[in-house]
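The sequence and the model are shown first, and the reading follows.

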Amino acid sequence: MPKVWEQDGFRFYVYYNDHDPSHVHVKKAGGEAILYLGDKTTKPSIREIRGMDYKDGKKALEIAAKEQTRLARQWRRIHDESAIR
C-alpha cells in the first residue's frame, strides 16, 4: 500500500488491487478515513471514518479536495501498474 501524499500529519494511501470507485485511505493518530476521490464534476466525499475524530475526518476531506487531481492521478498510476502484476 503506497503512501501517495502526506500533509499536516495525514497520510494518504492507495491499496494495490483495490476496488472501484477510486478512493484513498487516510491515516492519522491510529484512526482512518476512507474518502471517495470523485471526478472532474464530483468533489471527494467521506465513505467512512474509523477511530478518527470527526474534525480530523473533515480536515482529511479538505486536503483531498485540494489535492484531488494529484490523488486521482496516483490512483490511476497504481491501479494501472497493479493490473500488470
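The model is a predicted one.

**Overall form**

The C-alpha trace spans about 40 × 30 × 20 Å along its principal axes. Of the 85 residues, 39% are buried, and the protein exposes about 5,200 Å², of which carbon and sulfur atoms supply 48%. Where contacts between residues at least 6 apart in sequence are considered, 40% of them join residues that are at least 24 apart.

**Charged side chains**

The protein carries 17 positive and 13 negative side chains, and the centres of these two sets lie 3 Å apart.

| Salt bridge | N to O distance |
|---|---|
| D56 and K28 | 3.8 Å |
| R50 and E32 | 3.3 Å |
| E67 and R70 | 2.8 Å |

In the salt bridge between D56 and K28, distant parts of the chain are linked, since D56 belongs to helix α1 (residues 54–66) and K28 to strand β3 (residues 23–28), 28 residues apart. K28 counts as partly exposed because its relative accessibility is 22%.

The salt bridge between R50 and E32 has R50 in strand β5 (residues 45–50) and E32 in strand β4 (residues 31–36), so it ties together parts that are 18 residues apart in sequence. R50 is partly exposed, with a relative accessible area of 41%, whereas E32, at 12%, is buried.

Why does E67 count as buried? Its relative accessibility is 16%, and the term buried applies under 20%. E67 is placed in the loop between α1 and α2 (68–84), and apart from its neighbours within four places in sequence it is in contact with W5 and Q7. R70, which meets E67 in a salt bridge, counts as partly exposed at 32% relative accessibility. Elsewhere, salt bridges that share partners join E32, R47, E48 and R50 into one network.

**Backbone geometry**

Some backbone angles in the loops also deserve a careful look. A cis peptide bond joins D20 and P21, with omega at about -5°, and P21 is placed in the loop between β2 (10–13) and β3. N17 lies in the loop between β2 and β3 and has a positive phi of about 55°, although N17 is not a glycine; with a relative accessible area of 58%, N17 is exposed. A29, in the loop between β3 and β4, has a positive phi near 50° in a residue other than glycine, and at 72% relative accessibility A29 counts as exposed.

Technical notes. Residues are numbered from 1 along each chain as its sequence is written. This is a predicted model: local features need pLDDT of at least 70, side-chain atom pairs count only at pLDDT 80 or more; totals for chains, interfaces and linings use all residues. Side-chain values use heavy atoms; hydrogens and water are left out. Buried means under 20% relative accessible area, exposed over 50%, partly exposed in between (1.4 Å probe, protein chains only). Contact means heavy atoms within 4.5 Å. Accessible areas come from the Shrake-Rupley method with a 1.4 Å probe; for residues, only the protein chains shown count as cover. Lys and Arg count as positive and Asp and Glu as negative; His and the chain ends are not counted. The place of a charge is taken as NZ of Lys, CZ of Arg, CG of Asp or CD of Glu. A salt bridge is a side-chain nitrogen of Lys or Arg within 4 Å of a carboxyl oxygen of Asp or Glu. Helices (H or I, at least four residues) and strands (E, at least two) are DSSP runs, numbered from the N terminus.
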